[in-house]
Structures are given as C-alpha cells and as structure tokens.
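Work through the following exercises with the sequence and the model at hand. Each task is followed by a stepwise solution.

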Amino acid sequence: MEQVEFTPYELLGGEATVRRLVEHFYDAMGRSEPVLTRLHRCDEHGQVCRESRNRFALFLIGWLGGPDDYERQYGHPRLRMRHGRVAVDTAMRDAWLRAMTCAMDEVGVTGPVRQFLDRRFPEVADFLRNTPG
C-alpha cells in the first residue's frame with residue numbers, strides 16, 4: 001500500500017490556520033516582546049501592521065509547503081539579507097521563539113506538525129542570528 005505524506009502546511013490545516021498562527025504570533029509578540037515589536041512597522045494602536053502580518057503569512061504558507069505566492073510577489077525570501085538591517089542576537093532569537101511558541105499553543109498546534117515546527121523554528125531562528133551574544 002502506498003504511503004501518503006502530507007506537507008506541514010496540510011497537517012497544520014492550510015491557509016486559514018497559518019493565518020491564525022500569524023495573528024496569534026504578532027499578538028503574543030505585542031503582549032510580551034516589546035523590543036521585538038518595535039522592530040516592525042506598527043499601526044496607531046501599537047500592533048504590528050497588517051502588511052507585515054500578511055507578508056509573513058504568505059512566507060510561512062510557502063515555507064510550510066503550501067502555495068508559493070510569497071515568491072511570486074516578493075521574490076526569493078533571502079531571509080538573512082532581509083533581516084540584515086536588524087541585529088539578531090540570542091535574546092532576539094529567543095524572543096521570537098517565545099512568541100511563536102505562545103502562538104502555537106494558542107492555536108492548538110499539536111502532534112507531528114508541532115514536533116516538526118518545534119525542531120525547525122529554532123533552526124531557522126538561529127540561522128538568522130547575525131550578532132554575537
């Protein structure tokens with residue numbers, strides 16, 4: 001019998017769930033990680049702006065194996081280059097991971113996809129470090 005494998009995008013629940021995860025991520029960041037929040041463009045209420053949320057959602061959808069709309073609109077992600085304007089040290093990496101962990105908890109991400117994300121998000125966040133410490 002042929003084994004069917006699903007992408008993390010599909011296991012997570014598709015676009016709607018990824019977008020919910022992004023909303024919870026930025027909301028958690030706004031509540032608990034003010035230094036990280038200040039690095040983003042924010043609206044009049046101090047929340048990370050809609051454009052940044054939408055852009056991250058498109059990136060995450062593609063990164064998880066969904067449609068590659070991000071690349072079609074913005075080109076290759078070039079994560080290190082795009083984050084190069086910001087000093088990303090261990091504290092910044094950890095703040096990002098705390099906000100994402102909170103978002104995954106709030107959205108109810110569990111099972112194999114949670115195990116995958118719990119491994120991959122720290123790897124990517126660590127890859128973006130560009131400052132000692």
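Contact here means heavy atoms within 4.5 Å. The model is predicted, so that local features need pLDDT of at least 70 and side-chain atom pairs count only at pLDDT 80 or more, while totals for chains, interfaces and linings use all residues. Residues are numbered from 1 along each chain as its sequence is written, and side-chain values use heavy atoms, with hydrogens and water left out.

**Exercise 1.** Identify the residues in contact with M100, leaving aside neighbours within four places in sequence.

*Solution.* M100 is in contact with L21, F25, F56 and F121.

**Exercise 2.** Describe the largest nonpolar core.

*Solution.* Step 1: a nonpolar core is a set of buried Ala, Val, Leu, Ile, Met, Phe, Trp, Tyr and Cys residues joined through side-chain atoms within 4.5 Å. Buried means under 20% relative accessible area, exposed over 50%, and partly exposed in between (1.4 Å probe, protein chains only).
Step 2: the largest such core has 34 residues, and L12, L21, F25, F56, L60, M100 and L117 have the most contacts inside it.
Step 3: two or more residues each come from helix 1 (8-12), helix 2, helix 4, helix 7 (90-107) and helix 8 (111-127); helices are DSSP runs (H or I, at least four residues), numbered from the N terminus.
Step 4: helix 7 gives the largest share, eight residues.

**Exercise 3.** Is R114 buried or exposed, and which residues does R114 touch?

*Solution.* Step 1: R114 lies in helix 8.
Step 2: its relative accessible area is 13%, so R114 is buried.
Step 3: not counting residues up to four places away in sequence, R114 touches T101, M104, D105 and V109.
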